[in-house]
Amino acid sequence: MTADLRVYEENCKILVPVLREMGYHVVEPNGAFYLFPRSLEPDDMAFSQKAKEFDLLLVPGSGFGAPGHFRLAYCVQTDMIHRALPRFKALAKAYGLG
């Protein structure tokens, strides 16, 4: 059996442009199921902590050798992506963006 990966491709197609519109710097991934956007402050640990105030669980990029970024997995149900977008917008507004 092979898994249907189209849902993940769709999630990526939703996330990348919308996050960019909100002010996040996002590079399109090449075959991964996660993004590494630039955090909205240099300290990715502090940024990930701040995101919790908006019910977003983001993993600091420094744990993956990408300080100043955060890891965002999109291998989830598309509904979860849609529910998270207003939270990402609110987080961006907290940093004066969007």
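The exercises below work through the strands, aromatic contacts, helix packing and selected loop residues of a predicted model.

Residues are numbered from 1 along each chain as its sequence is written, and side-chain values use heavy atoms, with hydrogens and water left out. As the model is predicted, local features need pLDDT of at least 70 and side-chain atom pairs count only at pLDDT 80 or more, while totals for chains, interfaces and linings use all residues.

**Exercise 1. Determine the strand order of the open sheet and identify its edge strands.**

Step 1. Helices (H or I, at least four residues) and strands (E, at least two) are DSSP runs, numbered from the N terminus. Two strands pair if DSSP finds at least two bridges between them.

Step 2. Strand β2 is joined to β3 (residues 70–73) by 2 bridges, and the two run antiparallel. Within this pairing, P60 has F70 as its bridge partner in β3.

Step 3. β1 is likewise joined to β3 by 2 bridges, again antiparallel. Here Y34 stands opposite A73 of β3.

Step 4. The order of the 3 strands is β1-β3-β2, with antiparallel pairing. The edge strands are β1 (34–35) and β2 (59–60), each of which pairs on one side only.

**Exercise 2. Assign the side chains of β3 to the two faces and state which are buried.**

Step 1. Buried means under 20% relative accessible area, exposed over 50%, and partly exposed in between (1.4 Å probe, protein chains only).

Step 2. The side chains alternate along β3.

Step 3. The relative accessible area of F70 is 0%, so F70 counts as buried.

Step 4. R71 lies over the face of Y34, 4.0 Å from the ring centre. The criterion is NZ of Lys or CZ of Arg within 6 Å of the ring centre and within 35 degrees of the ring normal.

**Exercise 3. Classify the aromatic pairs Y24–F70 and F47–Y95, and locate their members.**

Step 1. Rings of Phe, Tyr and Trp (its six-membered ring) pair if their centres lie within 6.5 Å; planes under 30 degrees apart count as stacked, over 60 as edge-to-face and the rest as tilted. The structure holds 7 aromatic pairs.

Step 2. For Y24 and F70 the ring centres are 6.3 Å apart and the planes stand at 75 degrees, so this pair is edge-to-face. Y24 lies in the loop between α1 (6–22) and β1, and F70 in β3, so the contact ties together parts 46 residues apart in sequence. Y24 is buried at 3% relative accessibility.

Step 3. F47 and Y95 form a tilted pair, 5.5 Å centre to centre with 50 degrees between the planes. F47 belongs to helix α2 (residues 44–52) and Y95 to the segment after α3 (78–94), so distant parts of the chain, 48 residues apart, are linked. F47 is buried at 0% relative accessibility, while Y95 is partly exposed at 25%.

Step 4. Both pairs fall within one aromatic cluster, formed by Y24, F47, F70, F88 and Y95.

**Exercise 4. Describe the packing of α1 and α3.**

Step 1. Axes are lines fitted to C-alpha atoms, for helices over the stretch in contact, and angles run from 0 to 180 degrees between N-to-C directions. The axes of α1 and α3 are 11 Å apart, at an angle of about 15 degrees.

Step 2. Angles under 35 degrees count as roughly parallel, over 145 as roughly antiparallel, 65 to 115 as roughly perpendicular and the rest as oblique. α1 and α3 are therefore roughly parallel.

Step 3. Their crossing is right-handed. A crossing is left-handed if the near helix is turned anticlockwise from the far one by less than a right angle, and right-handed if clockwise.

**Exercise 5. Determine whether C12, D55 and G63 are buried or exposed.**

Step 1. C12 lies in helix α1 and is buried, with a relative accessible area of 8%. Its C-alpha is separated from that of A32 by 9.7 Å.

Step 2. D55 is in the loop between α2 and β2 and is exposed at 59%. Phi of D55 is near 60 degrees, a positive value in a residue other than glycine. Most residues other than glycine have a negative phi.

Step 3. G63 lies in the loop between β2 and β3 and is exposed at 67%. G63 and V76 are 21 Å apart, C-alpha to C-alpha.
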